Amino acid sequence: MAVGSLTNAEQASLDATIRAAEQQCRAEISVFVGPTEGQDPHRFATSLHNTLVLPSRSILVMVDPTVRAVEVVTGAQVRRTLTDAEVALAVEEMTRSFADGDLAGGLTRGIRLLAEHARA
């Protein structure tokens with residue numbers, strides 16, 4: 001997880017949220033917060049997702065605050081229980097918090113929603 005824009009306390013809290021979410025939905029969850037290095041955000045997020053150990057069982061949340069991009073990429077097994085509409089709801093929740101300047105809170109709420117909906 002690359003999270004350069006979070007404090008140590010926020011990162012520790014987010015790590016705990018991710019671990020609890022992974023136990024709830026049985027998927028691997030990764031978060032990347034940082035620049036997409038001039039690439040298309042969706043392509044960048046997809047390339048990150050493809051480098052994960054088990055991409056078919058993984059959810060990647062990518063946030064580039066500088067270009068205001070949020071992408072969620074899900075693996076084939078995850079898509080069996082997590083719909084595009086449910087992902088869109090989580091992204092909407094995150095972006096609402098991000099607009100209020102709450103990066104950590106938005107990520108936390110989004111990850112919890114994704115895990116809740118991805119439960120088998």
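Which residues of the largest nonpolar core touch the most other members? Before answering, a word on the model: it is predicted, so local features need pLDDT of at least 70 and side-chain atom pairs count only at pLDDT 80 or more, while totals for chains, interfaces and linings use all residues. Residues are numbered from 1 along each chain as its sequence is written, and side-chain values use heavy atoms, with hydrogens and water left out.

Now to the core. Ile59, Val61 and Leu107 touch the most other members among its 28 residues. A nonpolar core is a set of buried Ala, Val, Leu, Ile, Met, Phe, Trp, Tyr and Cys residues joined through side-chain atoms within 4.5 Å. Helix H1 (8-25), strand E2 (28-33), E3, E4, H3 and helix H4 (103-118) each give it at least two residues; helices (H or I, at least four residues) and strands (E, at least two) are DSSP runs, numbered from the N terminus. The largest share, 7 residues, belongs to H4. Apart from this core lies another, of 7 residues, including Phe44 and Val73.

Next, look at Met62 in strand E3. Met62 counts as buried because its relative accessibility is 0%, where buried means under 20% relative accessible area, exposed over 50% and partly exposed in between (1.4 Å probe, protein chains only). Beyond its neighbours within four places in sequence, Met62 is in contact with residues including Phe32, Phe44 and Val70; contact means heavy atoms within 4.5 Å. Met62 and Phe44 stand 18 residues apart in sequence, with 8.7 Å from C-alpha to C-alpha.
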